[in-house]
2 protein chains.
Amino acid sequence: MTEPNRIAATAALLGDPARANMLAALMDGRALTAKELAFAGHITPQTASGHLAKLADGGVLAVEKQGRHRYYRLASALVGQMLEGVMAFAGPEPARATTWRGGEALRTARTCYDHLAGRLGVALADALTARGHVALGMDGGEVTDTGAQFLDEFGAAPASGRRVFCRPCLDWSERRPHLAGRVGAALACRCFDLGWIARQRDTRAVAITAAGRDGFRERFGIELDG
Amino acid sequence: MTEPNRIAATAALLGDPARANMLAALMDGRALTAKELAFAGHITPQTASGHLAKLADGGVLAVEKQGRHRYYRLASALVGQMLEGVMAFAGPEPARATTWRGGEALRTARTCYDHLAGRLGVALADALTARGHVALGMDGGEVTDTGAQFLDEFGAAPASGRRVFCRPCLDWSERRPHLAGRVGAALACRCFDLGWIARQRDTRAVAITAAGRDGFRERFGIELDG
DNA sequence: CCGACACTTCGGCGTGGGCCGAACTGTTCC
DNA sequence: GGAACAGTTCGGCCCACGCCGAAGTGTCGG
């Protein structure tokens with residue numbers, strides 16, 4: 001198969017509404033069962049089964065059998081980045097301000113594959129930038145020495161070693177880059193561990209707990225109205 | 001339209017072989033006429049016209065009328081990055097080494113939207129890294145002070161100002177990151193201006209000129225066998 | 001003005017693929 | 001063992017969409 005045809009085959013996998021919905025549901029990095037994904041795709045389990053088989057066959061999803069359940073998840077970080085790329089382009093409804101179902105919660109805080117996005121995500125990036133802990137641009141980003149120290153203290157030290165880069169990820173609701181890559185993943189993971197944020201059923205939106213409200217204010221100076 | 005549906009609609013645009021071929025032809029950043037794109041997509045002009053209208057309508061392509069010609073090009077850098085993301089995932093034929101039509105030339109040196117890729121692209125990235133001019137990782141990259149000075153002398157200074165980041169772009173043939181973003185674009189542009197490389201008809205592969213062979217050896221220590 | 005050319009629109013054909021109901025496989029739990 | 005449940009496979013329906021030939025619009029050149 002030629003290269004463009006592989007592109008087409010891959011894109012076609014993402015190009016069906018039911019599959020796109022299922023993939024969007026998996027963008028929070030969790031593994032879901034076939035039934036849950038059928039619900040996410042607004043289709044019956046039989047139909048979902050066919051779609052999931054195609055996605056797995058195409059290397060987009062990885063599947064893990066566990067008893068009578070089958071857990072599907074994005075096959076690799078490359079898949080997450082590919083979807084991010086499409087989302088960054090497809091972006092939010094152009095111009096005309098809409099409030100769609102559950103939109104406000106999603107805009108406030110959500111996960112983006114393995115890191116945080118939405119107003120919380122960009123606020124974190126802004127706070128770390130303002131304090132000189134990270135430098136972030138459209139093209140790339142980097143953790144400074146004080147930043148590495150801060151993250152270490154915070155318990156979100158990315159695997160140490162060479163220079164630590166932050167991959168920027170274009171936020172589709174805020175239209176600005178936020179922290180992704182290893183740094184973003186470590187930060188999000190630590191926030192979950194601290195109980196500052198919590199996943200919710202059937203949505204990528206995350207809830208900010210009372211502890212989180214305090215924590216984000218004290219450690220990052222972030223005040224989220226709402 | 002909900003967010004996943006916009007993802008699906010966008011991906012569906014890329015998910016047709018004829019359209020994927022046309023987009024691949026546009027990945028070198030040039031603007032092509034409808035007829036040229038019909039050839040690239042292996043379809044008749046009527047069919048191409050329909051596809052191009054859809055792509056333009058979806059914001060993927062920008063069109064410019066010029067006399068009786070219509071020049072189509074990728075609408076924005078976001079489109080290029082989206083396609084890069086899909087290509088990075090769809091990647092080369094898995095494992096089994098194939099030599100496809102024009103494959104060797106493409107593997108040696110090609111353009112990737114607005115920067116250089118292939119063996120030449122990663123060799124440039126390696127050379128600049130080895131000399132401490134840039135630091136590049138999977139997640140991000142940065143131009144050092146000596147690097148900024150070097151690029152300035154070379155005539156490929158990216159718009160100055162704040163810290164200069166390099167966006168890494170996963171090379172689908174070498175499976176390693178090479179220089180993209182503003183830095184990669186400036187570098188590629190300068191190499192074209194110097195006459196070190198030249199575009200070729202009907203392919204994204206670029207030819208390395210005699211001057212280029214010398215130049216890359218002298219300035220970057222790059223010796224390309226072949 | 002008229003032919004050549006680039007490109008688009010229209011109309012009709014064919015097929016690929018999404019959809020679901022029904023039936024089948026495999027696991028869990030009592 | 002049998003009921004309940006997750007998930008898949010099968011078969012048939014149907015529509016969306018890609019395809020091209022033919023015809024229409026607009027631009028260039030003599």
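B:V63 stands opposite B:Y72 in β3 of chain B. The two strands concerned, β2(B) and β3(B), pair in the antiparallel sense over six bridges; strands count as paired if DSSP finds at least two bridges between them. Helices (H or I, at least four residues) and strands (E, at least two) are DSSP runs, numbered from the N terminus. This is a predicted model, in which local features need pLDDT of at least 70, side-chain atom pairs count only at pLDDT 80 or more, and totals for chains, interfaces and linings use all residues. Residues are numbered from 1 along each chain as its sequence is written, while chains are lettered from A and ligands numbered from 1 in the order in which they are written.

**Sheet in chain B**
- Three strands of chain B form an open sheet in the order β1-β3-β2, with antiparallel pairing.
- Its edge strands, each pairing on one side only, are β1 (32–33) and β2 (61–66) of chain B.

**Strands in chain A**
- Strands β1 (residues 32–33) and β3 (residues 69–74) of chain A run antiparallel and are joined by two bridges.
- A:T33 has A:Y71 as its bridge partner in β3(A).
- Strand β2 (residues 61–66) of chain A pairs with β3(A) in the antiparallel sense over six bridges, and A:Q66 stands opposite A:H69 in β3(A).
- The hairpin of β2(A) and β3(A) has two residues between the strands, and A:G67 there takes a positive phi near 65°.

**Surface near DNA strand C**
- A residue is near a molecule or strand if its C-beta atom, placed from the backbone, lies within 6 Å of it.
- There are 20 residues around DNA strand C, of which A:G67, B:T33, B:K35, B:Q46 and B:S49 come nearest.
- At least two residues each come from α4 (45–57) of chain A and from α3 (34–40), α4 (45–57) and β3 (69–74) of chain B.
- With six residues, α4(B) gives the most to this surface.
- The surface has six nonpolar, nine polar and five charged residues; Ala, Val, Leu, Ile, Met, Phe, Trp, Tyr, Cys and Pro count as nonpolar, Asp, Glu, Lys and Arg as charged, and the others, Gly among them, as polar.

**Contact between chains A and B**
- Chain A and chain B each bring 40 residues to the contact, where two residues are in contact if their C-beta atoms, placed from the backbone, lie within 7 Å.
- The side of chain A that touches chain B has 21 nonpolar, eleven polar and eight charged residues.

**Relation of the copies**
- The same surface serves both copies, as 100% of the contact residues of chain A recur in chain B.
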